[in-house]
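Here are my notes on this one, written for someone who likes atom-level distances. Have the structure open while you read.

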Amino acid sequence: MTHFSAFSLLKNALTGHKNWTEQWPDAQPKAEYDVIIVGAGGHGLGAAYYLATQHGITNIAVIDKGWLGGGNTGRNTTIIRSNYLYDESARLFDHSVDLWQNLSQELNYNVMYSNRGVLMLAHNVHDVQSFKRHVHSNRLNGVDNRWLSTEECKEYCPPLNISKSSRYPVMGGALQERAGTARHDAVAWGYARGAAARGVDVIQNCAVQAIRRNDDGSVAGVDTDKGFIKAKKVAVSASGHNSMVMATAGVRLPLESMPLQALVSEPVKPVFPCVVMSNAVHAYCSQSDKGELVIGSGTDQYVSYGQRGGLPLIEHTVSAISEVFPIFNRMRMLRKWAGITDNTPDRSPIIGKTPVPNLYVNCGWGTGGFKATPGSAHVFAWTIAKDEPHPINAPFTLDRFRTGRLIDEAAAAAVAH
Ligand code: FAD
Ligand code: PYC
């Protein structure tokens, strides 16, 4: 594996970039693995990476029905933050924000993490009370978050419309300065490259059709397009399709799958220095390093596996953006897309063991799992390796929907769903 450095960049530039080696081999399945991970998104690839680097387990296959990073990891709008309300979530998401800080160095791969700050706007008294509650709760948990007045919001984000006569005037906002964005594809590629270099097989274009169980009920392996593959342990991280994959093992998940759309504008010079989210008018915006405005809002309000989404929601989103940032009124939109999000009733993920011995699941990230990729992958790897949850993911059980110990983060999820 090439080690990326200023020297290797220079050397390859001088030879016309013709001698770079492949970043990961196109692996074909072996007959048997210690661990099979279903889904080569950031969470699945990251879990394989941490299993290899932190637990010494390298006989692993990460299997994807499409190309790696082609699910929600490559479709999301890359917002990273940890300003969630409850202690359990603050620990999980802030663990991730901590890992984001040095992820490029860890992977020797530039994931372009940029802590440009995420500002969440308040437009009514309820928003003000709710965000102030989040600010206080976050600070008690050691998570940075502070309240900005309307004028301070404008100072932080100059394109913001703070006119008092607008339909939903800005009444202030909660700012997390350590929050920001990263390059989504690079996260999948960096983890894939790091895992493959340690012996992990990344197998693309191979759908898992069913999880097979032994007579004693434990996991036997997976049936795939390329035949049966035996495994001591199977871990499912197949966003959008987790309930279907897990149902083949007889495990019912409390998930509703819905399309979440996003769109980007034509590229323009740097004009938007941070990330702004407005839950009340249903829109959020940042600017990519290419110059495109990256825009989104809530999920389509119906259950679907169609990775397209409907136009009414896009129309609603751009009208909300025009309201909050009138200077973008005449921008042209270049493209839009959707991903399928798996949503739990309490809008928190499920990471842990399942009723089936040696079967693990990491799902229910809804509209907000990209930010959690390193932290979730790290604790998921621990859970798989030790057959017990890491203290950080211990509360995020499947069982909580039976016991009632829910972690209701609907407000902090911020994106309506
Ligand atoms: P994925 O990246 O979806 O990977 C799962 C993989 O499983 C896929 O590659 C899929 O092909 C594979 N798979 C499925 N079924 C099978 C099968 N039967 N066999 C083999 N493979 C299978 N989160 C944030 O934190 N911030 C954001 O700004 C943000 N914006 C978003 C915007 C949009 C438009 C969308 C759709 C999502 C957004 N999210 C955001 C959510 C975030 O993208 C996801 O929660 C996160 O990427 C999930 O990662 P993952 O690795 O679990 O899943
Ligand atoms: O979870 O912050 C988030 C988010 C932003 C856009 C989609 N999800």
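1. Start with Arg81 and ligand 2: a polar side-chain atom of Arg81 sits 2.7 Å from an oxygen atom of this ligand. Keep in mind that the model is predicted, so treat the distances below as values computed from a prediction. Lys371 also points a polar side-chain atom at an oxygen atom of ligand 2, here at 2.5 Å.

2. What else surrounds ligand 2? Besides Arg81, Thr367 and Lys371, the list has Thr77, Ile79, Met277, Tyr284, Gly368 and Val415.

3. Now ligand 1, which has 36 residues around it. The closest are Asp64, Asn72, Thr73, Gly369 and Lys371.

4. For Phe370, the distance from a backbone N or O atom to an oxygen atom of ligand 1 is 3.1 Å. Thr78 contributes a polar backbone atom, 3.3 Å from an oxygen atom of ligand 1.

5. On to helix packing. The axes of α3 (residues 87-101) and α10 (residues 373-386) come within 6 Å and cross at roughly 110°, which means α3 is roughly perpendicular to α10. On the α3 side the contact is made by Leu92, His95, Ser96, Leu99 and Trp100; α10 supplies Thr373, Pro374, Gly375, His378 and Val379. By class, that contact has 5 nonpolar and 5 polar residues, with no charged ones.

6. Have a look at Asn108 too, in the loop between α4 (103-107) and β4 (118-121). Its side chain reaches the backbone nitrogen of Phe4 at 2.8 Å. Setting aside neighbours within four places in sequence, Asn108 is in contact with Thr2, His3, Phe4 and Arg193. Lys230 is another matter: 122 residues from Asn108 along the chain, with 32 Å between the two C-alpha atoms.

7. Last, the annotation. An unreviewed UniProt entry gives "domain: Rhodanese" for residues 35-79. In the model, that stretch is 31% helix and 20% strand, and its end C-alpha atoms are 30 Å apart.

Note on methods: Residues numbered from 1 in each chain as written. Chains lettered and ligands numbered in written order. Predicted model: local features only at pLDDT ≥ 70, side-chain atom pairs only at ≥ 80, totals over all residues. Heavy atoms only, no water. UniProt positions renumbered as here; feature names shortened; annotations may be inferred. Helix = DSSP H or I, 4+ residues; strand = E, 2+ residues; numbered from the N terminus. Axes fitted to C-alpha atoms, helices over the stretch in contact; angles between N-to-C directions. Parallel < 35°, antiparallel > 145°, perpendicular 65-115°, else oblique. Contact = heavy atoms within 4.5 Å. Nonpolar A, V, L, I, M, F, W, Y, C, P; charged D, E, K, R; others polar. Near = heavy atom within 4 Å. Polar contact = N/O pair within 3.5 Å; in protein donor to acceptor, adjacent residues only side chain to side chain.
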